[in-house]
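Please read them with the coordinates open.

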Amino acid sequence: MAEDNDNSQEKTEEATPRRMEKAKEDGQTARSKELATMAVTLAGAAGLLMFGGMLARALENIMRQNFSIEREVIFDTHQMALFLMDSAWEATVALGPFMVLLFIAAVAGSIGIGGLLFSGKAIAPKLNRMDPIKGLKRMFSARSLIELVKAVAKVSLVMLIAILILDLRTSDLLAIADEPAIPAMTHVLWTLGWSFFLLACATIVIAIIDVPFQIYDHHKKLRMTKQEVKDEYKDTEGKPEVKGRIRQLQREMAQRRMMADVPGADVVITNPTHYAVALKYDQKTMAAPVVVAKGGDEIAFKIMEIARENKVDILRTPPLTRAVYHNTEIGGEIPDGLYMAIAQVLAYLFQLRQYRRGQGPKPGMPSLPIPSDLRRDI
């Protein structure tokens, strides 16, 4: 039942980057046959206009060489092979630039809107393509109707332009009958070349219409339902329970690293029941005191327990502890506004240690100034 509901959903969501990337891997991308046809026909017409003279001269040389052979050469098979090789080489040299131009146009037209794509999946055999029922459905589908309309439109447009060209060139073509043979042949070839080029230009109109349609149709095929988007998000980002477990493990690892730094702290200040912050200061390596560990509730009690086990001094300074807890990060320096208060705490500890060794009077707990913008009541 769930699958039926998913299949009945409308594909209203644009394809995600992952969906588009997977489509490329499967060989699915926007392609326009009309763009490729336009590129090849225009290149062919332009190539004939550019290289037509060279092709005609090459053909003339080949015919002259092969139709003016001495009698003794005709019966020499070795010489005939040389003639064939010479003719093939001259034809290759003459056709080479033209064929290269056509090859470049064919490749450029094919990758014009979909880009260069290599995918073995696109040419892999698929049994569902051999299903005659599905084949009939494709033949009588809306897409086939669109292709039929496009074909009729293309033929109609080309015929219309051909009729217009013939109408405009009628007097010019009739005048060729009064010209000498060689100039007339040149005139005919030139006229045919330009007429073919104008007919090829008709494919530009077809390509301009077809390219946006193919891009739109490709994006429409890749659209997704809302459920598909959600499922993909779960696959890529991970399920919420898995992500939650990962975050929990990360917190536990961070806490273990934090607790390992508590024995090296200079002092632990407490709230005393809600917060605990472990501070360390080394004049040689630190510009300001650093928070090596902090936590609330159970973590605070754990910090104090480790501090007692390692004989780290614990001071009850609720306002200062709250200020440091809420305005610092683990591994970060204390804010500028708390320098004076922390300095007094460290000085008090120094005097307290001196007193414990019998080297001075018992110090009194100093008043710790806390700026109003850093003070926290909770």
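1. Over which residues does pLDDT stay under 50, and how many contacts beyond four places in sequence does the model have for them? The stretch is residues 1-7, for which there are 2 such contacts. This is a predicted model, and the chain as a whole averages a pLDDT of 81, with 89% of the residues scoring at least 70.

2. As to overall content, the chain comprises 14 helices and 4 strands, and 28% of its 378 residues count as buried. Among contacts between residues at least 6 apart in sequence, 74% join residues at least 24 apart.

3. Helix α5, which spans residues 77-110, bends by about 40 degrees at L95, and the proline P97 follows within four residues. Its buried residues are S87, E90, A94, F98, L102, A105 and G109, and these pack against α3, residues 33-67. On the spacing of such positions, an α-helix has 3.6 residues a turn, so residues three or four places apart point the same way.

4. E34 counts as buried because its relative accessible area is 7%, under the 20% cut-off. The side chain of E34 makes a polar contact of 3.0 Å with that of K154. Leaving out residues up to four places away in sequence, E34 touches K150, K154, I206, A207 and D210.

5. The strands β1 (residues 267-270) and β2 (residues 275-280) pair in the antiparallel sense over 4 bridges, and a hairpin of 4 residues joins β1 to β2. Within this pairing, I269 has V277 of β2 as its bridge partner. On pairing with β3 (residues 290-296), β2 is again antiparallel, here over 6 bridges, and Y275 stands opposite G296 in β3. Strand β2 is mostly covered, with 5 of its 6 residues buried.

6. The largest nonpolar core has 20 residues, and those with the most contacts inside it are I269, L279, L320 and V324. The elements that give two or more residues to this core are β1, β2, α13 (318-327) and α14 (339-356), and α14 provides the largest share, 6 residues. Setting aside neighbours within four places in sequence, V324 is in contact with I269, V277, L279, V291, L338 and I342. A second, separate core has 15 residues, among them V262, V292, A300 and V312. As general background, nonpolar side chains in soluble globular proteins tend to be buried together.

7. D297, although not a glycine, has a positive phi of about 55 degrees, and it lies in the loop between β3 and α12 (298-309). D297 counts as partly exposed because its relative accessible area is 45%, between the cut-offs of 20% and 50%. K311 likewise is not a glycine and has a positive phi of about 55 degrees, and its place is in the loop between α12 and β4 (313-316). K311 counts as exposed because its relative accessibility is 76%, over the 50% cut-off.

Technical notes: Residues are numbered from 1 along each chain as its sequence is written. This is a predicted model: local features need pLDDT of at least 70, side-chain atom pairs count only at pLDDT 80 or more; totals for chains, interfaces and linings use all residues. Side-chain values use heavy atoms; hydrogens and water are left out. The bend at a residue is the angle between axes fitted to the seven residues ending there and the seven starting there. Buried means under 20% relative accessible area, exposed over 50%, partly exposed in between (1.4 Å probe, protein chains only). Contact means heavy atoms within 4.5 Å. Two strands pair if DSSP finds at least two bridges between them. A polar contact is a pair of N or O atoms within 3.5 Å; within protein, one must be able to donate a hydrogen and the other to accept it, and residues adjacent in sequence count only if both atoms are side-chain atoms. A nonpolar core is a set of buried Ala, Val, Leu, Ile, Met, Phe, Trp, Tyr and Cys residues joined through side-chain atoms within 4.5 Å. pLDDT is the predictor's confidence in each residue, from 0 to 100.
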